[in-house]
Amino acid sequence: MFLQLAFNALVSGLLLAMVATGFSLIYNTTKVFHIAHGGYYVAAAYTFYSIYQLFGTHQSMRVIMATLITFVVIAILAVLVELFVYRPVARKQSEQGITLISSMGVYLFIVNTIALMFGNGNIIIDSAFSDSIHLGSLIMAPSQQLQLVTGLISLLMLVIFLKSKWFLSVRATMGNQQVASVLGVNAGLIRMVSIISGSILAGFSGVLMLFDTGLDPQAGMSVTLSAAVAVIIGGSTSLEGTIIAALVIVALQTLTGWWLSNEWKEAVTFAFLILVFFWRTEGIVSYKMRVEQQ
Amino acid sequence: MNYLLHIFVMLEIYIILGLAMNLLAGYSGLLSLAQAAFYGTGAYITAMLLVNFGYSFPATFSIVVLVSLLACIPIIVFAIRFRDLFFILATLAWQVIVYSVLYNWVSVTNGPYGISGIPKPVVFGYSFESLHQFALFAGLVCLSVLFFFYALNRSPLVRYLQGVRDDQLAMLTFGKSPSYYKAIAIGISSAISAIAGVLYATYFSFIDPSSFSINESILIISIVLIGGLGTIRGSVAGAFFYVLLPELLKLFNVPDSSASNIRMMVYAFILILMVIYRPYGFFGNYRFE
Amino acid sequence: MDFLEITDLSEMETILEIKGVTKSFDGLVVLDKACCSVQEGTISAFFGENGSGKTTLFHIISGFMKADVGEIFYKQLPLAHSTPAGIAHLGIGRVWQNPRICKNLSVLDNLMLASRNHPGEFLLNYFLHPFRIDQEEKMRRKIAEETAEQIALSEYLLDSAGALSFGQQKLLSIGMLLMNEATLLLLDEPFAGVNAKMIERISEVMIKLKVNGKTIMMIEHNRATAKIISDTQFFVTKGKVIEESITKVHEVSRIRANDTIEERQPPIVMRAGQLKPRASHVNLFDHDIAAINGVFL
């Protein structure tokens, strides 16, 4: 029983880790608290769903087409938002609160567009593409198998990418864009690539949820907020920390579901966040400031 | 005519909410995402006291104000201990927690089923039963709040609140405590938001948690951002904009089912435009920078 | 050129005494048992390289930092207050390198904000003594207007403080200190980043303050100007404060290093005489001033 719970938590944790690392990538390069991340989560799911339905019966065909088109749509969406919202706001050197508000505007816009087109109900993909695998007392549902595989692959790719040379440029850009550009790093390009990758990570997490319990237009918000908590706790500059934090959070949520009830998961996550704030004031802001800079 | 009165009441409620938010964000520089939590607390306490316990309206009103002053203590702690983004996120967390409580503590709040049968206000034997009478009541309450803010603007106190926004270090240098003024701003703001909640509960006679979610908090902030921070005119303008926008959309013959979605889309779009191109909003004299 | 009187410094009282203050950051020792003594009604200048600890010393005096070891005595009483606001109430005021003023408020509002112990500061008073608040407000507004005259910002009274030039903002912060009735003023680089005319103006204000009995301690890199108007000069180096006076006439100087509390003896130092200008305008760039500096043992 416990094993099953732990396994479920692990798989969900991987999903959250995907969203969280995506969020972290975007936050680090744009310094925007990208609450619209949740918008990409649902947008990808709904795009995938529509294309999937469109292509009727041929199984592999519809999956491939849906994947590709979702990929493209999310990338385009990310680019548009970056160009027309985040860059102009950054130019005005706004405080972080204002960038957060602008991101919320984006979120509201995306979610309401989706609700307009698809209604507010739940969408889900029910195809049985494989059987459950039984490992002793452990049951791996088909959706979980998919999530496990996808999750591991994407995170693995991310980790490999982290060790690469190119990532050095990314880290430089994360630190200080102006300095990085002076050193010949194409800050704009890196920003764009990071944003697209981050959004795709979130998007595919949403798609995976399609095959699981499905989602509705509002589903993105709570996932994003949990992911944000993971980023803050794990340390925004540490992707490994974020992944571990995501697993911790899901473990916490699963325990809550086990001891209290499912509905309190969110509240517990946030109470945890506040506690972490009290214990450590680093994370997103991680330097000691001189007295005058208060 | 009834419809106009309905709009009027909504206007009063949102003007009050806007002014409360302006006190925090516009005067004191505290961008709190928990306003809907206080709005909701006010509405729920009103509902529970009037419906479940049969308290009189004046007693209920007083208790609501007192409870809101207690309920805002966590936010005060956040404001003193956390800076900038941390504060905003802490208020976000608080908002989610309060919503969760309203939604899940079914034994007390009736959860998603809400509380119904909330009576109209009765003050000194005079009952504001009809729509006309309630509109009068709402108008009086709103007027009092406006009057309060006009008085505040002309008093020395507003300087110290604005000092918290502009330069806390300067305040310390001259012997004033920023924490004290943060507490004052947050306390007054949550009490006033709770008053808006009282109006909401007694007007609609039925409340449920969905009106007090994080979305509502975002909306309240948008109202003052679009209307303009730092001025009374700004908050009022923002409230007008938010309440009258759907009416404008009706001119375009938008079907009812999509109306709320389209309204939110237009609103979000304008919010983004404002943030980028008009950070002072319509009538603001302060922008975050 | 007016004749200037010279007063005997030895009668002055010590307003600030720094004893054995040590402060380190992450293992780097910034102040090492520093000792210093400042006389009331004088202008002292603190010189030293960047990072030598001058600003840290000011932070500690004004309460924004706590010393690891050592004590500070203000008017012979230990500075028990640890909060900056508390220290401000004692009469120690601070002007920051970058003028900390409220940029979105008017000049008048800034001055009124700095006013000390205004009943309007406390919420309770609005219920208990509303009329007193109104009275005080009117009274203090007059004082603010006078102060604005002193710092030559009368025309800008209702303008937003953010619209002032850098030098004017510096003057405003000094004006705010006046409104706050500070008796010991800590000025962090008052002459930095402003033109000659403004330097003159700021110096005039500083001398006027001294005439009115205020004590000024300033950190400055502009040694020439600082030396002209200051009575005492200190060097902060290697974590210690060294008192030094050089006069132009006699070219005699004796540097005394204040090492430990036990070794401390009453200073036998030559000091520049305290200048007490008459009411009329003193031209600070007149080199004759230096010639009149007295020396006495």
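Leaving aside residues up to four places away in sequence, Y55(B) touches L49(B), L50(B) and T60(B), contact being defined as C-beta atoms, placed from the backbone, within 7 Å. The model is predicted: local features need pLDDT of at least 70 and side-chain atom pairs pLDDT 80 or more, while totals for chains, interfaces and linings use all residues. Residues are numbered from 1 along each chain as its sequence is written, and chains are lettered from A and ligands numbered from 1 in the order in which they are written.

Y55(B) lies in the loop between α2 (35-52) and α3 (57-71) of chain B; helices are DSSP runs of H or I of at least four residues, numbered from the N terminus. With 16 other C-beta atoms within 10 Å, Y55(B) is partly exposed (buried, 20 or more such atoms; exposed, 12 or fewer; partly exposed, in between). The C-alpha atoms of Y55(B) and T109(B) are 17 Å apart, at a sequence separation of 54 residues.

In chain C, nine of the nine residues of helix α1 (residues 54-62) are buried, so this helix is largely enclosed by the rest of the structure. Among them are L57(C), F58(C), I60(C) and I61(C).

Chain C comprises domain 1 (1-91 + 183-297) and domain 2 (100-180), with bounds from an automatic or database domain assignment. Ten residues of domain 1 of chain C contact ten residues of domain 2 of chain C. On the domain 1 side, helix α7 (residues 196-211) of chain C supplies the largest share, four residues.

How values were computed. Helix = DSSP H or I, 4+ residues; strand = E, 2+ residues; numbered from the N terminus. Contact = placed C-beta atoms within 7 Å.
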